[in-house]
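Trainee: I would like to go through the charged pairs in this structure. Can we put the model up and take them in turn?

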Protein chains: 2
Amino acid sequence: MRYDPAEFLARDDISRLQLSRLRTTCERAARSRLYARKFREHGVAPEDIKSLDDLRRLPFTTKQDLRESYPDGLNTVPADQMVRLHVSSGTTGTPTVVYHTASDVRWWSSLVARCMRMVGMTPADVFQNTTSYGLFTGGLGMHYGAELLGCMAIPMGAGNTQRQVKLIQDFKVTALHIIPSYALYLADYLARQGLDPRSLGLRIALVGAEPYSEETRRRLEDIFGFKAFNSYGLSEMNGPGVAFECREQNGMHLWEDAYLCEVIDPVTLEPARPGQVGELVLTTLCREGMPIVRYRTRDLTRVLPGPCPCGREHLRIDRITGRSDDLIIIKGVNIYPIQIEQVLMSLPEVGQNYLIELTREGHIDQIRVKAEVREEFFVEDMRALAALRERIAHRLRDEILVTPKVDLVEPNSLPKSEGKAVRVVDLRGKE
Amino acid sequence: MRYDPAEFLARDDISRLQLSRLRTTCERAARSRLYARKFREHGVAPEDIKSLDDLRRLPFTTKQDLRESYPDGLNTVPADQMVRLHVSSGTTGTPTVVYHTASDVRWWSSLVARCMRMVGMTPADVFQNTTSYGLFTGGLGMHYGAELLGCMAIPMGAGNTQRQVKLIQDFKVTALHIIPSYALYLADYLARQGLDPRSLGLRIALVGAEPYSEETRRRLEDIFGFKAFNSYGLSEMNGPGVAFECREQNGMHLWEDAYLCEVIDPVTLEPARPGQVGELVLTTLCREGMPIVRYRTRDLTRVLPGPCPCGREHLRIDRITGRSDDLIIIKGVNIYPIQIEQVLMSLPEVGQNYLIELTREGHIDQIRVKAEVREEFFVEDMRALAALRERIAHRLRDEILVTPKVDLVEPNSLPKSEGKAVRVVDLRGKE
Ligand SMILES: [Zn+2]
Ligand SMILES: [Zn+2]
């Protein structure tokens, strides 16, 4: 793929582009049933957008809005101009749907290709996509980007670890798209097979679709010998390709020529203070078939201050701390699972697999953390294990402000999954 | 997608194009390790191709050749010029691999789009792909074709029938890609749900990936109210898009600008007599990264005589009778499972699901056919059932020249599968 000049746009040009595209987006959106109504209710019209600050005059869009608009209330063009439809798995209630025109698919692919090029992938790379294809946007999204960049894409899909490894070996795969929990699973699998993960020769991992901690990234890089880059996207905003780390690995550049970014306080809905963590709100700037205005992603992050040494001026967001949905409330304290993961993964004695159980004993909520101990540390010395357990409980308490019960278990004894791992089991009210 | 003039090429133009492309193909192929050796061993060089008859001077290529060339012995360009890799599931031994350049993917997509347009699909169609994505070529192959044609593609993938039905209903799907055994399964599923398959409003089904009989096609058309078109392809030749029925539903036009077709006697390897069934042998004419010369597909068919009323001059092959691998030999008689299917599906009393069991009693091979009887015919009247059993056994005997044992079983009592159905179980030597 040819060099993409939008990657290195200067701040002034970004702002100019954003304003003109925001206006177009609002004009398009006004043709949809949802926004025709919302704009009317908010007393705002596309021609009111005269500066980027006028963004705040527009209404927010929530997941609930998308559900209520099922199946096509956000569409701005007739169905025969659409070429693709993705549907969320909809585990809870009505699924959400995203329609794409041919132009939308081209835009999406070019953003993904831009991310890949930014982290150093070239047509000489062999790219294996280990996430599922079909309706999940991480499959086709990454696939189209890789093909556009010109590297060789192996559409492996999810699961079947034995085959994943064989293809990586036989076709000299250099780059993977992988979800963090599967990367941890793969590390365990290779250890059980007596294979050195570094012998696979992987150079780059694109890691996304689940929040995960810096400690896990460092651990994965150490095990596999690749550089792992954080990928951020959500199906409502196409999927992957919204924001991506550059080789500095210090925050994810959000492609501001395609998305307009806000961070808000999820309670007051006012803009977060500079550098403060809040809910990410995104507006599509290039989407034709189904533009979305001020979408409340429920993902928590903050805008990182200062310029990036790489020279790109697209703003950087911090790694996602969690989704507002992931929040665990124990004894009145707010905890994100990623805080627990971060502590566990910083300890060399702890293996790749862990589980958080929430229980209620009497009227008191309890949090129990089960962690696998690595083979070489799982000794018969009960005193050493007890000391380790003690240490973990202390470190967790410092992080989450609640003292959890800690169980140390044998390697490979917790439930495994080749898909997204289930890390939190809430047994409260079910006993 | 714009009109594709190659669809209506005249015979003379086809031949001229084939000769020039065959020469290019041989020149390219000679750069691969496999063909450099094979051409040398056969004492043939690309410049020896002076007419289409010279095709017969070239060596055949077998599945075994592909396996021995694993992973890249057929490649003619460096890996960094490849953009896609598909690997066969390789249930038996080494998998076979097909590499594609960007041009190869474009060609493949344009052939699939041509098939879709030929059967009457337009950008106004909503297309649901019910086969699996990832490495299986029916997923991405059909998907790229549909997007190129400009219809809306729903990348549903295989399985999850409840969801398949919901998407068909909610998004007013008009065209499906479906394997025949899954179409039968879907019919049963809808019946169990009390849903009328015709209420789905499906217009067109692209049916392939398994051999199936004309009787099954008529039954599916009757149940669903769609027109079902036979699709032929194999991963070695990209996947779908090799040959496809036109709206006459009388043989599949094989796209001769992209594939050179022979039918041979699989024993003597001589050309089959005109109209005689034999093994289909294909040569790629447009493939850049990995051309294949005279590939023995092991699929059995014949070239249909005479012009097609639709006016297309690309030759037509008959529906695939079976793969040489599917052959069942019972008491010295050759039987293809499709012959049994054809008899069963012609009987309105028989349901959508059946199973063929091969057993050995003493030293004598037996064939047992288990067929589900439809609810309204599964009466308590033992005499009526016995008469039906008798009739089926007679019809089968006329078709396969062996008298099978016939078991009539209750509706929904045989094993079901959302994937390819297992229709033949060989228990000989396993008892
Ligand atoms: Zn940077
Ligand atoms: Zn025709």
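Trainee: What does B:Arg218 count as: buried, partly exposed or exposed?

Mentor: This is a predicted model, and the class is computed from it. Buried means under 20% relative accessible area and exposed over 50%. B:Arg218 has 38% relative accessibility, so B:Arg218 counts as partly exposed.

Trainee: Which residue forms a salt bridge with B:Arg218, and how far apart are the closest N and O atoms?

Mentor: Look within helix α8 (residues 214-224) of chain B, where the two partners lie four residues apart, about one turn of the helix. The salt bridge is to B:Glu214, with the closest N and O atoms 2.8 Å apart.

Trainee: In chain A, how many residues apart in sequence are the parts that A:Arg319 and A:Glu214 tie together?

Mentor: The two side chains meet in a salt bridge at 2.5 Å, N to O. A:Arg319 sits in the loop between β13 (316-317) and β14 (322-323), and A:Glu214 in helix α8 (residues 214-224) of chain A, so the parts joined are 105 residues apart in sequence.

Trainee: Is A:Glu349 buried or exposed?

Mentor: A:Glu349 meets A:Arg391 in a salt bridge of 2.9 Å, N to O. A:Arg391 is in helix α10 (residues 382-400), while A:Glu349 is in the loop between α9 (337-345) and β17 (350-361) of chain A. The relative accessibility of A:Glu349 is 14%, so A:Glu349 counts as buried.

Key. Residues numbered from 1 in each chain as written. Chains lettered and ligands numbered in written order. Predicted model: local features only at pLDDT ≥ 70, side-chain atom pairs only at ≥ 80, totals over all residues. Heavy atoms only, no water. Salt bridge = Lys/Arg side-chain N within 4 Å of Asp/Glu carboxyl O. Helix = DSSP H or I, 4+ residues; strand = E, 2+ residues; numbered from the N terminus. Buried < 20%, exposed > 50% of the residue type's maximum accessible area, 1.4 Å probe, protein only.
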